[in-house]
Amino acid sequence: MKPIFFLLLLQQLLTITLPCTANNATQLVYDTEGNVLSSQQNYYILPAKRASGGGLRAFPSGLRCLHFVFQERNEAVLGTALRFTPLPEHASATEPIRLSSDIWIEFHDLVSFCSDRLDWHLTNQVPEPSSGEPKHVAAGSEEGLRSFAVFRVERHGADLSGYKIVSCVDKGPCSDLGLHVYKDKTWLTVSNEPFMVVFRKETL
């Protein structure tokens with residue numbers, strides 16, 4: 001093979017291969033330290049914008065094991081630790097969390113008489129009477145059973161510096177999750193204005 005022909009062939013291969021490698025890298029979800037999200041680690045969900053409150057936290061509803069998800073006002077409070085599980089359930093334990101892929105989200109290592117794991121789902125229950133019509137994000141259930149609702153992580157923000165979480169129910173379109181303020185609490189609900197977040201690894 002002539003050297004000039006070999007160089008041209010190598011250049012074509014690099015042109016094809018490099019964009020594919022970069023594209024695959026963008027499919028992964030990263031934490032605030034630049035590490036890929038793992039299903040074996042706990043994380044806090046925090047607002048991407050500074051000085052806009054603390055992390056997401058579990059709030060007991062008083063209905064057995066049902067908790068609602070709300071945002072702490074104090075930005076120094078990280079909230080309740082969570083874990084992400086890629087689907088299908090039998091996926092490898094080392095499988096990373098990817099953009100636009102189905103996952104379960106659960107509060108993990110939670111101090112609760114029901115369970116130390118409460119999985120997220122949408123509920124028609126409301127934390128307070130007249131606290132609004134949007135469906136709220138809950139964790140756990142009145143019956144103490146698991147719901148296994150499906151969520152996804154998507155890139156979000158003008159410069160794609162943050163993420164948003166969407167709820168994907170049945171075969172319908174996915175719905176953005178955002179914040180709904182009522183009285184002295186800020187609840188996580190289905191919303192037309194996505195809550196831009198980042199993920200911070202829990203350190204013990």
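What is the torsion about the S-S bond of cysteine 168 and cysteine 174, and is the disulfide right-handed or left-handed? I got about 105° for that torsion, so the disulfide is right-handed.

Before going on, some housekeeping. I am looking at a predicted model, where local features need pLDDT of at least 70, side-chain atom pairs count only at pLDDT 80 or more, and totals for chains, interfaces and linings use all residues. Residues are numbered from 1 along each chain as its sequence is written, and side-chain values use heavy atoms, with hydrogens and water left out.

**Entry: the disulfide**

I searched the whole structure and found one disulfide (a pair of cysteine sulfur atoms within 2.5 Å). The sulfur atoms of cysteine 168 and cysteine 174 are 2.0 Å apart. Next I checked how accessible the two partners are. I call a residue buried under 20% relative accessible area, exposed over 50% and partly exposed in between, using a 1.4 Å probe and protein chains only. Cysteine 168 is buried, at 9%, whereas cysteine 174 is partly exposed, at 32%.

**Entry: the overall layout**

The chain has 204 residues, and 39% of them count as buried.

Most residues other than glycine have a negative phi. I noted two that go the other way here. Alanine 51 has a positive phi of about 60°, and I found this residue in the loop between β1 (43–47) and β2 (56–60). Alanine 51 is exposed, with a relative accessible area of 62%. Serine 100 also has a positive phi of about 60°, this time in the loop between β4 (82–86) and β5 (103–108). Serine 100 is partly exposed, at 38%.

While in the loop between β4 and β5, I looked at leucine 87 as well. Leucine 87 is partly exposed, with a relative accessible area of 26%. The C-alpha atoms of leucine 87 and valine 150 are separated by 8.7 Å, though the two residues are 63 apart along the chain.

**Entry: aromatic rings**

How many aromatic pairs does a search of the whole structure find? I got nine. My rule was that rings of Phe, Tyr and Trp (its six-membered ring) pair if their centres lie within 6.5 Å; planes under 30 degrees apart count as stacked, over 60 as edge-to-face and the rest as tilted. One of the pairs is tryptophan 120 with phenylalanine 151, edge-to-face at 6.0 Å centre to centre and 85° between the planes. Tryptophan 120 is in strand β6 (residues 117–123) and phenylalanine 151 in strand β8 (residues 151–156), so this pair ties together parts that are 31 residues apart in sequence. I found both tryptophan 120 and phenylalanine 151 buried.

I also wrote down one aromatic cluster, formed by Tyr43, Phe84, Tyr163 and Phe199.

Then I checked for a charge over a ring (NZ of Lys or CZ of Arg within 6 Å of the ring centre and within 35 degrees of the ring normal). Lysine 185 lies over the face of phenylalanine 70, at 5.9 Å from the ring centre.

**Entry: the cavity**

I found one cavity of 30 Å³ or more in the whole structure. A cavity is a set of points on a 1 Å grid over the protein atoms alone where a 1.4 Å probe fits but cannot get out, and lining residues have an atom within 4 Å of a point. The largest cavity holds about 40 Å³ of space; points are joined across faces, edges and corners, and the volume is the space filled by probe spheres set on them.

Which residues line the largest cavity? I listed Leu56, Lys164, Ile165, Leu177, Leu188, Phe195 and Val197. By class, I got six nonpolar, no polar and one charged. Nonpolar takes in Ala, Val, Leu, Ile, Met, Phe, Trp, Tyr, Cys and Pro, charged takes in Asp, Glu, Lys and Arg, and the others, Gly among them, are polar.

I followed up on leucine 56, which lies in strand β2. Leucine 56 counts as buried, at 2% relative accessibility. The C-alpha atoms of leucine 56 and threonine 80 are separated by 6.4 Å, with the residues 24 apart along the chain.

Technical notes:
Helices (H or I, at least four residues) and strands (E, at least two) are DSSP runs, numbered from the N terminus. On a 1 Å grid over the protein atoms alone, a cavity is a set of points where a 1.4 Å probe fits but cannot get out, and a pocket is an open set with protein on both sides within 12 Å along at least five of seven lines; lining residues have an atom within 4 Å of a point.
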